[in-house]
Amino acid sequence: MVRKWNHSILAATHRYPFLAPFMKNMPYICHGVTLTLTGPRKAGAVSYQDENLDLQPGDWVEVKPFEEISVTLDENGRHKGLFFMRGMDKFCGQRFRVFKRVEKIMLETTGEMRKIMTPTVFLEGALCDGTAYDGCDRSCFCYWREVWLRRVPPPP
């Protein structure tokens, strides 16, 4: 029930961004903690450290708890234009190895090539399973901003 509620709220704000101001006070429940979609981040008032970890393939990271990630998101659930997508919260607290840095992407809708300006990586095994998107079978990599991650030592 909680997962369905979360997905309904996020789906509405992702699909219809103009609804975000009306839904920003709706509760979002993640790992038993009730949050709102809006973190304290407003233009000119940054309350988190946007550090560059300079992650490279093979480095080990841990995904921060959603409570820490949420303060980096604007009222539309984005960090510098990139959504924290539905279903990514299940990776919070888990450790992964960096697969690769994301430097450039092609937009499927237009074919335009875009350079990624904010440090972003793909993590090994952190794939979208499609459950948050009506059973989509593409198994896409999730885009991870470095601010959502913390460097950890490799496992023994």
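Guide: Residues are numbered from 1 along each chain as its sequence is written. In this predicted model, local features need pLDDT of at least 70 and side-chain atom pairs count only at pLDDT 80 or more, while totals for chains, interfaces and linings use all residues; side-chain values use heavy atoms, without hydrogens and water.

Visitor: Which strands does E6 pair with, and in what sense?

Guide: Strands are DSSP runs of E, at least two residues, numbered from the N terminus. Two of them pair if DSSP finds at least two bridges between them. Here E6 (residues 95-101) pairs in the antiparallel sense with E3 (residues 60-63) over three bridges. E6 also pairs with E9 (residues 120-123), again antiparallel and over three bridges. Within these pairings, Trp-60 has Arg-97 as its bridge partner, and Val-98 stands opposite Leu-123.

Visitor: Is Glu-146 buried or exposed?

Guide: Buried means under 20% relative accessible area, exposed over 50%, and partly exposed in between (1.4 Å probe, protein chains only). Glu-146 has a relative accessible area of 2%, so Glu-146 is buried. Glu-146 lies in the loop between E10 (144-145) and E11 (149-151).

Visitor: What does the side chain of Glu-146 make a polar contact with?

Guide: A polar contact is a pair of N or O atoms within 3.5 Å; within protein, one must be able to donate a hydrogen and the other to accept it, and residues adjacent in sequence count only if both atoms are side-chain atoms. The Glu-146 side chain makes one with the side chain of Arg-101, at 2.9 Å.

Note on methods
Helices (H or I, at least four residues) and strands (E, at least two) are DSSP runs, numbered from the N terminus.
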